[in-house]
Amino acid sequence: MSLLRMKTCCRRFFKSAHLLILFVFLVVFYITLARADLSDTHPVKRDLNSYWSLYNCPQCIGRKEQGRMKSTSSSNPPDEMDINIIVTYTDISGSVRIRTVKSRDLSASWVWRSASDEDNDQPKRSQSLEESFQPDTGFEDDAEHTTDEHHSGGEMPQPQTSTVNPVKLKRRMLRQQRRVLRTEELIREDKELDNQMQAIAIERAKELDTTVKGKYSIWRREYENPNSDATLKLMRDQIIMAKAYASIAKAKNENGLYDSLMKHCRENQHAIGEALSDAELQSSALDHAKAMGHILAIAKDQLYDHLIVARKLRAMLQSTEVNVNLLRKKSAFLIQLAAKVVPKPLHCLPLQLTTDYYLQGFANNGFPNKDKLEDTSLYHYAIFSDNVLATSVVVNSTVLQAKESEKHVFHIVTDKLNFAAMKMWFLVNPPAGAAIQVENVDDFTWLNSSYCPVLRQLESTRVKEYYFKANQASSLSVGADNLKYRNPKYLSMLNHLRFYLPEVYPKLDKILFLDDDIVVQKDLTPLWSVDLQGMVNGAVETCKESFHRFDKYLNFSNPNISNNFDPNACGWAFGMNIFDLKEWRKRDITGIYHGWQDMNEDRTLWKLGTLPPGLITFYKLTYPLDRSWHVLGLGYDPALNQTEIENAAVIHYNGNYKPWLDLAFPKYKSYWSRYVMFNNSYLNLCNISE
């Protein structure tokens, strides 16, 4: 009971103390006002009545920042006086507090103003504030405006809202400056990013091969609709996931789910068939895709585990890569086989011609115009081939394009097997006005193994083992590059006879060499007027279009090659070459060829073929012809420029897709077939048609 009374007494005591403090404050306040009224005659105090603090918040009290109060009037500021300022405030507990503050202890944010200048400065200050903050109209909530009401008679100043805090004004200006700087920085970064993207686009455009227009044509069928195969791709992806889930289901003995997944796989594969776009899909394909999506959702709910699925997909990817590599090797082998095996109609043609050649007594017949064979004023061509039909196209196209066909002489060399057929064809079908000579390479007695390194190498045991060894690696196990070097043409001397042109035609000064897989589309007589500038060989360079340079054909790891040749030297093409036989004999080109062939007996300098030794033999002795004379690639590139083909003097079907084979590109075949005499009785007998 006594404790309760003590608490009650304490409450009454504290309450009385609060009232006492308030009373004391009021007494002190009125005494101060009375003194201020009596001190108007004192100059310092009189001036003080004109200056009042704009801010008297409790947070500002107690700051010990160095500075003095600033005055906006023209009178002397009181910053040199040590003025006592009595401030009342309420603390955190709610109690009223009184504190005396020296004017020197106030922070720089406190401003003294003259009541007499308040009314005059207010319009100007308001205008300046409006101008200062006009760009910052979106942030009015940051500004705090205060005004002073100055009371005459020394009344206590009250906080107003007409003046902006200078510190906050400065901060706001700094924020505005930062915004402007940040905006400029972002704009600059955007411009830099745009410039970078533009530079990247330009570089990618430079790398784009514009000669392969067919591959990027927007007019091709598959580009009619960007999503023309969306459903097809979806169904193929579903099949892959279904196989993955089916394998997992089988491992977990989920036989019902496994059977359902495999069933939908077969249905989707049947619906896809051989379709290449959505338009080619069956009408029920979309229904199959929806059904597959439903069963895949069920499989995912029951079987999905990201580690197991990822492991299974990785295994499927590796298996697919192995199968792709195997199929690639099979494809390379089959392409080589199809390209080199003689089709039945082409095999029939020489047989029929040879039979009639001997049965009808053409063996004793000869060609007219023998006097033209060594006439250096005429245009001479050299064609070395065992293909009767291909050779006939070369001769026919050349004669039809010639302005003066009677001035053209064709020197044809073939092997013993096809000599009768070749001679029979041109005896029965002589070209209009042109002279023809057909020879057998086996009749060149000077061309023997003691003189020719290639013949000596072809007769060696090492080369025979390379081509004919029974226990050699399977053709499918070797790469496509190795397969092409097992081509039988590398065993034929007809392929190497081009390096013996002065020996074959000792009386001629200039000759144009033509392969049997070319077609002539323009008159070639201007080639004899080309100034080779002391060079031996005139040919079209190939490095500009397909980057065929010396390092592609020669082994630069061998010092014999690296010390004598530039790996970046531009390659050129056999197939249409104008040779200066006088310069050939003068520089002993055949001797150079023999020297390098002897050094390459073990095939360490280059693989088999005639182009690598040709590049070496005629190094720095080849004059580059204009590219329009000879366009290559019709036997391997399906995306050649159609305009270049039509404007070319000679088009060359180099590659495996020869125009007389079923492998040929249909869009190129017409350039060749227009010079085939399909109405010829021998061609009809062998079923050779368009």
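Biologist: Which holds for helices α10 and α12: roughly parallel or roughly perpendicular?

Modeller: Read the angle between axes, which are lines fitted to C-alpha atoms, for helices over the stretch in contact, with angles from 0 to 180 degrees between N-to-C directions. Under 35 degrees counts as roughly parallel, over 145 as roughly antiparallel, 65 to 115 as roughly perpendicular and the rest as oblique. Here α10 (residues 344-359) and α12 (residues 419-428) pack at about 80°, so they are roughly perpendicular to each other. Their axes lie 8 Å apart. This is a predicted model, where local features need pLDDT of at least 70, side-chain atom pairs count only at pLDDT 80 or more, and totals for chains, interfaces and linings use all residues. Residues are numbered from 1 along each chain as its sequence is written, and side-chain values use heavy atoms, leaving out hydrogens and water.

Biologist: Which residues of α10 and α12 meet?

Modeller: A contact means heavy atoms within 4.5 Å. From α10 come Pro350, Leu353, Thr354, Asp356, Tyr357 and Tyr358. Facing these in α12 are Phe419, Ala420, Ala421, Lys423, Met424, Trp425 and Leu427.

Biologist: How many helices and strands does the protein chain have?

Modeller: Count DSSP runs, numbered from the N terminus: helices are H or I with at least four residues, strands E with at least two. The protein chain has 25 helices and 17 strands. Among its contacts between residues at least 6 apart in sequence, 73% join residues at least 24 apart.

Biologist: Which residues touch the most other members of the largest nonpolar core?

Modeller: A core is a set of buried Ala, Val, Leu, Ile, Met, Phe, Trp, Tyr and Cys residues joined through side-chain atoms within 4.5 Å. The largest one has 67 residues, and Leu349, Phe426, Leu512 and Leu524 touch the most other members. Helix α12 supplies the largest share of this core, 8 residues. Apart from it lies another core, of 45 residues, including Leu447, Tyr500, Ile589 and Leu621. Back to leucine 349: it touches Val388, Leu389, Tyr682, Leu683, Cys686 and Ile688, leaving aside residues up to four places away in sequence.

Biologist: How many disulfides does the structure hold?

Modeller: Look for a pair of cysteine sulfur atoms within 2.5 Å. The structure holds 2. With bonded cysteines counted along the chain, the pattern is 1-4, 2-3. Cysteine 348 is buried at 19% relative accessible area, and cysteine 686 is buried at 4%.

Biologist: Where do cysteine 543 and cysteine 570 lie?

Modeller: Their sulfur atoms are 1.7 Å apart, forming a disulfide. Cysteine 543 is in helix α17 (residues 543-546) and cysteine 570 in the loop between α19 (559-562) and β14 (576-580), so the pair ties together parts 27 residues apart in sequence. With -100° about the S-S bond, this link is left-handed. Both cysteine 543 and cysteine 570 are buried.

Notes:
Buried < 20%, exposed > 50% of the residue type's maximum accessible area, 1.4 Å probe, protein only.
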